[in-house]
Each structure stands twice: as C-alpha cells, then as structure tokens.
Amino acid sequence: MKKRLLSFALSVLTVGLTVISAGCSGKEKDEASDLNIIDDKYRNYYEVFVHSFCDSDGDGIGDINGVDEKLSYIKELGCNGIWLMPIMPSPTYHKYDVTDYKAIDQSYGTMEDFEKLIEDAHDNNINVIIDFVMNHSSSEHEWFVTACDYLKGLDGSDARSFEELAAECPYVGYYHFSREKETDKYYEVPGTSFYYEGEFWSEMPDLNYESEELWKEFEDIIAFWIDKGIDGFRMDATMHFEEGDTGFNTKVMNRVYEYARSLDPDFYMVSEVWAGEKTIASYYESKTDSLFNFDAAGPEGILLGAVRGNVKASRLVSSMKSYEEDFGSVYPDYVDAVFLTNHDMGRVANALNADKEAIKFAGGLLCSMNGSVYVYYGEEIGMKSAGSKDENKRLAFAWGEDKGVCKDPDDADPGIVSDFPGVNEQNEDPDSILNYYKHALKIRNTYPEIARGSITILDEATDGNKAVIIKSWNNEKIAVLYNNSKRGAVDITRKDIELIRKECGNPEASIVEYLTVDNGEIIFSEDGFDMPSRSIVFIK
Ligand code: CA
C-alpha cells in the first residue's frame, strides 16, 4: 500500500511538471506513463486476448511473456490495468472451456512466466485481472469425465436420486445432470439415459452451485490465484449460473467476492451480465464492484450512437446520469465498467465504416465516461473485424513490425486487412488514432474526477448536439463539454461560461484540455468560443 501512495504523490508531481514543460516548449507532450494511481478501484483496463497479442518465442501464438514484453506499450497507452482473457488449459483457441483451473495453458507459457508477469506489472503500477469462467467447465475436465464414466457404469434400472448418486461420486453433483432432456440445451451422456445441461455448447457443461463440494473446489482455486498475486477476476457469464434466476446468480457472485476479499481486502471483481440497463442494475444486488455497461457498449450502444449522431449529446449525458442513479441506488459503491467493444462484438472500425475521425471520437467519448474504462486490444489502432464469426473479432494485433506478431486464430477468414497502419507507424503520426487514445487516457489519468465525479447536467447549456456536465469528486470539479455533431461547430456562450464557473466554484475556470478529431485548436475566450464538430472540452 505504502509503495502505491508514494508513487501517486510522485506521479502528481510529474504530471504537474510535464504540463508546465509542454506549455513552455509547445512540443508534443510527454504522454507516457503518468498513470496517476489512486488507491481505489478505478482503473483504465486493457483487454488482452493473449493468443493474438504478442508472441515472444516465434511459434505464432501469443503468450504470457509476450504480454510482459509489452507492458511498457500498455502503460504508455495510459492503461493501469490488464484483463487477461482465459489463460487456463483448454482444448479451444479461446479457452472459455477450462480443463484445469490451477494451471496455465501450455501454448501461453508456464506458471513461472505468469508469476513474473504479475511481478513486472505491479512494478509498473499495473493491476492484472484474469478471466474466471465458473459457469461451465470443459467437457474434458476430469470432474465431468469422471462423473460421466460413473453414470455410464450404472445399471439402467438404477433409480437412485442424484443426491444419492453424488454421495457415491461427488462429481455427479458438480453438474446439472438429469434423467430427462429438460430443454434443448441438454445433451445426452453418450450410451446412457442421462442428460446434462450445456447452455453455451455441448462441450461446456454447466456447473452446479448447489453443490457444497464444488464450492470447496472453487474456494481452493480462488485462493490459488490470489496467492499468485492477481488483483481480481473478470467473471464470465454470471447471468447463467441458474438461467434467469437473478437472486441465485447474485448470491453466487457475492459468495465468490466475499471469499476472495477475505483473502485480499482489495480484491476487484467485474462481471459480464449481457443485458439492458435495468437488469444490469439488478445484478448490483450482488454487492460486487463492477458490471460491464452493455447499454453504453457495442455497435448499437449509446456511445457509438452518439458518434453516429443518432444519439444526441444531450441524450448521452442523460444516459450517464441515469447509469449513476440506476446503479448507485442499488449499490452505492459500484464502479461502472464502460467499453466500446469486447471480444464478442464487431470492432469499432466496422461499426463506423473505418471513418478515422469517428473512431477517434468514440475513444474520446469512452474516456470521458464515469467508472473504469476497458479498451479491447486493437481498438486504439482502429483494427478491423469481419462479420459475426468470433475468430474474426480476435485477429492478430498489428505491431507494425514482424517481431511479436501472432498468427490469426486458425478459423479466422483470411485477408481481413485493417484500414490503418500498425503501432509503429501510428506512434510516429501525431494525427493517428493511437495518439488520440493516448491523449484521451492521459486526460483521464490527470483529472481523477472524470472517472469518479458525480454528474450535474447544466440544462441551460445542454441541447441537441451540445451538452455540458460538471463532475464533482473529492472537492474537485471539472466541466466536460460535448459537441457530437458530425459537421458544424456549436457555440459555447459567455453565459455558458459564467454558469460553468459558478457551478465549478471557480471564477477563473478555463480550458485545461480538449480533444479534437483533426488536431484542430480550441481557444478559450470569456466571451465565448466555438467547439468544432466531434470535440470534447474540459474546463476547470
Ligand atoms: Ca508463442
């Protein structure tokens, strides 16, 4: 803890110095590495699909050591957290079906590699959370194999209850077995009259959290990973522990969370509830830190809607306020988890027809949101996907050089070429999507109230494409101004500025930062100023 507080103090100091030197020299700001770590649960996460991110040993498959090599990239981007998609042994390329919950998949490296990654990440003030897939296991997990073997060995006339069978073979109790095909998501145990539930796939049998024996296994597994030094879990598919049973599912989430926190009081948890705002709100009954905000995300979500213009800025900010009210009323300590896309969605570049300015603006809007942001690897360079095939959403990251470049997942379609260059070239281009993202994340790191502040909408200054909000946190206030029109400036009037200054309690409040999609300048004047299309201004 002490180490983090000290580095916070140091980073505040260096942020101050950086701003001054940039102001004097007018040179490109030192965007790097002032992550401004505050010892709370707000972070900028980078979602990594290890398979496709960086290959350290030349076999074409990304690996743990590859992630380690690129920690400086992630840090310079402005992220201070990493979400690793599943790393445990699995027969599939995506690894959402685990065969051993206490190991690293061989193709990704060793447990020693992982321990080193955690150590190096922490040395860089980067937290690491891992995908935790406890709704189902792989059909090749020895629990399932043993249970099926046991059922296959039974006499067909055996009419004992599943409780009685589980008393003899506990693994039978770990899954949802039945003597009937209860739904079309039930599959036959080959050669028997038994069925099992597999909501996602026949090879992903659903686990049964009525089983205390299974809970003992998972408590042991949770303790194992916490002992390895992880900072939290990204919980997969938490709506599905019992289909449609929010009460049961939130209890499972809470039990995992409370057990983990008994071992590490700072443990963080973010869960996948792919549903509308009201359902997401109901899952905060779990009293766990974060739920992904699927209302804001995806091609049809509020954020990309605001980029396209079919969602006006005024509606964007009222959505921000309604997230605060809907989630906060259920669980006041919630930390929203906002994102544009993830590994299950088509990429931003596809949703926005590879329009560079639109892609930038999407990143800017994301980075102005409350909560923790999650950047899916490749969005910061405008990578492309294709169609609905999952493999096409998880292509090899474009470093822009041969070293470290992975091969695409085996079943990806060939020839999907991004409209934008790789990292190397984008780093050198002040007008690149990558440098826009760095700037947007840097602003977020410099002004912690952007992620944490409670929102007041300035109604008098908010209409259509123009919106102004004030965020307040810890005696700090910042105004965030939006123009989401595709073309055409909006007027920030003298009266708007007076209102902002009054709300901020600072008669001299002025522009401290802004984001424009063409690197155009915005010049503050007390008499009012123009905000160009697709711009965001920060006044403090
Ligand atoms: Ca490799």
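Biologist: So what does Trp225 touch, leaving aside its neighbours within four places in sequence?
Modeller: Trp225 is in contact with Ile87, Met88, Tyr101, Lys102, Ala103, Ile104, Met111, Phe114, Ile130, Phe132, Ile230 and Phe233; contact means heavy atoms within 4.5 Å. Keep in mind that this is a predicted model, where local features need pLDDT of at least 70, side-chain atom pairs count only at pLDDT 80 or more, and totals for chains, interfaces and linings use all residues. Residues are numbered from 1 along each chain as its sequence is written, and side-chain values use heavy atoms, with hydrogens and water left out.

Biologist: OK, new topic: what's the strand order in the open sheet?
Modeller: The order is E9-E8-E7-E3-E2-E1-E11-E10, 8 strands with parallel pairing. Strands are DSSP runs of E, at least two residues, helices are runs of H or I, at least four, and both are numbered from the N terminus. Two strands pair if DSSP finds at least two bridges between them.

Biologist: And which strands stand at the edges?
Modeller: E9 (290–291) and E10 (337–339); each has a single partner strand, so one side of each is left without a neighbour in the sheet.

Biologist: How many bridges join E10 to E11?
Modeller: There are 3, and the two strands run parallel. Ala337 sits opposite Ser372 in E11.
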